[in-house]
Amino acid sequence: DVSPVVAGLIGATVLVVSVSVTVFVWTCCHQQAEKKHKTPPYKFIHMLKGISIYPETLSNKKKINRIRRDKNGTPKETGRGNLLVDAAESGLISSDKAPDGPNAAPHVDQLPIKVDYGDELSPDQSLTPGGSKTSSPSSPGDDVMLGELTFSVDYNFPKKALVVTIQEAHGLPVMDEHTQSSDPYIKMTILPDKRHRVKTRVLRKTLDPVFDETFTFYGIPYSQLQDLVLHFLVLSFDRFSRDDVIGEVMVPLAGVDPSTGKVQLTREILKRNIQKCISRGELQVSLSYQPVAQRMTVVVLKARHLPKMDITGLSDPYVKVNVYYGRKRIAKKKTHVKKCTLNPVFNESFIYDIPVDLLPDISIEFLVIDFDRTTKNEVVGRLILGAHSITAGGVEHWREVCENPRKPVAKWHSLSEY
């Protein structure tokens, strides 16, 4: 037998739990229904010759696992190993095990002293300080025609979508002296917010590429078109080093009216004007060299005033540290990702064994990258210290480190565009 009081308490508890579960289930269903009927503001559709490549239902859970292979075509793992074996192929320690915070044990990387630096560059090499490679005699200059770009602009009023079709380019310069051709592709950005960043596929060995690719951007009110600028960056793909920049096209939409239908435009490709680039923020790093132990300690301290890279008006930055001997990348590391901030604090250190006689040929590159779970990570800016530093502040910082052994030297540096 159960007393009436106990039975009442049990009944009330069951009633409260039932109501809570019902409310929770109803709230989840309501939110899911709202998401289905609401168009994401910055999702786009990519059409290639009438075929939808990246539809709105693109799964965000797809992952591409890249397995490095040796010359015989057999898979090869890159584990934690000594960089003295072969840094360009398999000596890079996994970056997923970077130290967490300033109190964590630092990583010690040894530079490959006996590696043949005349070997071919590694395919995953992203950048070579001081220039990606020897400039081609036909590289674009002030007196070289860079060609023309043809594209069209349209606006879909029912869907509030801007439709940009990159059609073709003509008369591009030769960027590969071996094939006397180029491997062009185009990156497009909508300024000034740079929230829309897309690119076409690479077309091999052609100076007159026909792309015929359509990008549809949703969530752009027609009233805001007058404030936007289309920026087309024409590049030539390079498998073993940084891609060559052919030129750029800037198209303010203030002079384009797609309200009456598709507007087709042809613009001359101009030499890239680096002065127009907006501020990429600043990065504070500390370097210290121990001549007795022959070790360089690199500390990524913090960054500030980074540009907005996400729809939320913030970024998810992390820093990738590349170490070069001459023009050969021999080590790479990265910090942890700092979520939703434009002023991240990293405080992560890395230690490298560098003999004194190799110090004049060493360069350290810092790439500030915005992490994106659904699309490709984007480089916010970069900084180079050492032999290939391109700024006066970078040269001065490296000089102070070399002239003041055992003393940590920390400085702020403005980031340049990648």
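Is Cys29 buried, partly exposed or exposed? I looked up its relative accessible area, keeping in mind that the model is predicted, and I found a value of 48%. Cys29 is therefore partly exposed, because that class lies between the limits of 20% and 50%. I then checked Cys402 in the same way, and at 36% relative accessibility Cys402 also counts as partly exposed.

Next I turned to disulfides, and a search of the whole structure gave me 0 of them. For Cys29 I noted that the nearest cysteine sulfur belongs to Cys28 and lies 6.8 Å away; a disulfide needs the two sulfur atoms within 2.5 Å, so Cys29 is in no disulfide.

On the surface I looked for nonpolar side chains and recorded a patch formed by Val17, Val21, Phe24 and Val25, which together have about 380 Å² of accessible area.

Last, I followed an open sheet of 4 strands, whose order is 9-8-11-12 and whose pairing is antiparallel. I marked strand 9 (197–199) and strand 12 (244–252) as the edge strands, since each of them pairs on one side only, and I noted an average twist of 20° from one strand to the next. Between strand 11 (residues 229–236) and strand 12, which run antiparallel, I recorded 8 bridges. I also wrote down that His231 has Met250, in strand 12, as its bridge partner.

Terms used:
Residues numbered from 1 in each chain as written. Predicted model: local features only at pLDDT ≥ 70, side-chain atom pairs only at ≥ 80, totals over all residues. Heavy atoms only, no water. Buried < 20%, exposed > 50% of the residue type's maximum accessible area, 1.4 Å probe, protein only. Patch = residues over 30% accessible without salt bridge, like charges linked within 9 Å, V, L, I, M, F, W, Y side chains within 5 Å. Areas by Shrake-Rupley, 256 points an atom, 1.4 Å probe, with all protein chains shown as cover. Salt bridge = Lys/Arg side-chain N within 4 Å of Asp/Glu carboxyl O. Pairing = 2+ DSSP bridges. Helix = DSSP H or I, 4+ residues; strand = E, 2+ residues; numbered from the N terminus. Axes fitted to C-alpha atoms, helices over the stretch in contact; angles between N-to-C directions.
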